[in-house]
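This briefing covers a helix pair, a nonpolar core and a chain contact. The sequence and structure come first.

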Amino acid sequence: MSDPDEELLTRVGEGDPAAVRALVARKLPRLLALAGRMLGDPAEAEDVAQETFVRAWKQARDWRPGVARFDTWLHRVALNLCYDRLRRRREVVTDTPPERADEGPAPDRGLEAKDVGDRVGAAMQRLPDRQREAIVLCHYQELSNIEAAALMGISVEALESLLGRGRRALRAALSDMVGG
Amino acid sequence: MTHERFEILAQAYGGDIARWPAPERDAAALLMAAEPEFSRIVLSDAGELDAALELWAPMSVSPALRQTAIASAPGMRRRWGGPWSWFMGAGVGAGLAAACAAGLVVGVMLSDVTQPAASDDTVSASLSNYEDLSGLVTGEGA
């Protein structure tokens, strides 16, 4: 299995400052996007991205190529951190889960790109965690179905079921914008 | 590929077959060629949701977060600020120490002067002098 990050990781393990900066430039936007979309909270997403890097630096020295792709491993770490936070939220908010109202389009203006994006984000946050995770990994992070299923610990068929249900729920939530 | 499988894939992976699982793309392309109207409707339907999903922009990385991530790597804590960062840090530290010392002296003097005054006056006098001290911090730390 070829890993596009392998050479960079070796240099990071040797203490090369340029490699550290390059790895951050390559992975931080991806990790922040993942955590932001999973959590819907910018501050928490930044914490998760930062904590993922702390663990990545520890791992870089001992990274063994061929076991897993580094990018997949990073996703696993970040997802675990996201789930820790989602679990904590459920423990704090016991019987009244946070409901983000979908207000629909503003009556006095048309739907602009940002409005649509905000509504998509709100609809995504209302999805069950596993459906959201499947869509984030496959659509936004552009992982293959095999990588995403492995990360989630499920079969490809189960992944496709989660994706299908998630997308149907999104279509229903955004039915005034998305036909069908 | 059956119609049902084609629809399941579109519902799961969206309206662009380039994003479908690689082993299924050839069969999907054959179905598209054989039944263009059916496949067009299914893909266009899924594509509408894809287009909406794309408008949910990812968070952008702030310079502060980037620097924190870099500085968390072993041996990078002092490097990211450049060779003068240690001296800058020492300067700011010295400035803060001097400001604290000056604040202590002024505070003691003020408490002597304002001892008999009403409590409201003491508070306002302390606040005005506290603002003056902020210039000291900047001057010493620069």
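Predicted model: local features only at pLDDT ≥ 70, side-chain atom pairs only at ≥ 80, totals over all residues.

**Helix pair H3(A) and H4(A)**
- The crossing of H3(A) past H4(A) is right-handed.
- On the H3(A) side the contact is made by Glu44(A), Val48(A), Glu51(A), Thr52(A), Arg55(A) and Ala56(A).
- These meet Leu74(A), Val77(A), Ala78(A), Leu81(A), Cys82(A) and Arg85(A) in H4(A).
- Sorted by class, seven residues of this contact are nonpolar, one is polar and four are charged.

**Nonpolar core**
- The largest nonpolar core has 59 residues, and Ala35(A), Ala49(A) and Ala78(A) have the most contacts inside it.
- H2(A) supplies the largest share of this core, 11 residues.
- Leaving out residues up to four places away in sequence, Ala35(A) touches Ala45(A), Val48(A), Ala49(A), Ala78(A) and Cys82(A).

**Contact between chains A and B**
- Chain A contributes 39 residues to the contact and chain B contributes 28 residues.
- On the chain A side, two or more residues each come from helix H2 (17-39), H3, helix H5 (113-126), helix H6 (129-140) and helix H8 (156-173) of chain A.
- H2(A) gives the most to that side, with nine residues.
- The chain A side comprises 23 nonpolar, 10 polar and six charged residues.

Methods: Residues numbered from 1 in each chain as written. Chains lettered and ligands numbered in written order. Left-handed = near helix turned anticlockwise from the far one by under 90°. Helix = DSSP H or I, 4+ residues; strand = E, 2+ residues; numbered from the N terminus. Contact = placed C-beta atoms within 7 Å. Nonpolar A, V, L, I, M, F, W, Y, C, P; charged D, E, K, R; others polar. Core = buried A, V, L, I, M, F, W, Y, C linked by C-beta atoms within 7 Å. Buried ≥ 20, exposed ≤ 12 C-beta atoms within 10 Å, placed from the backbone.
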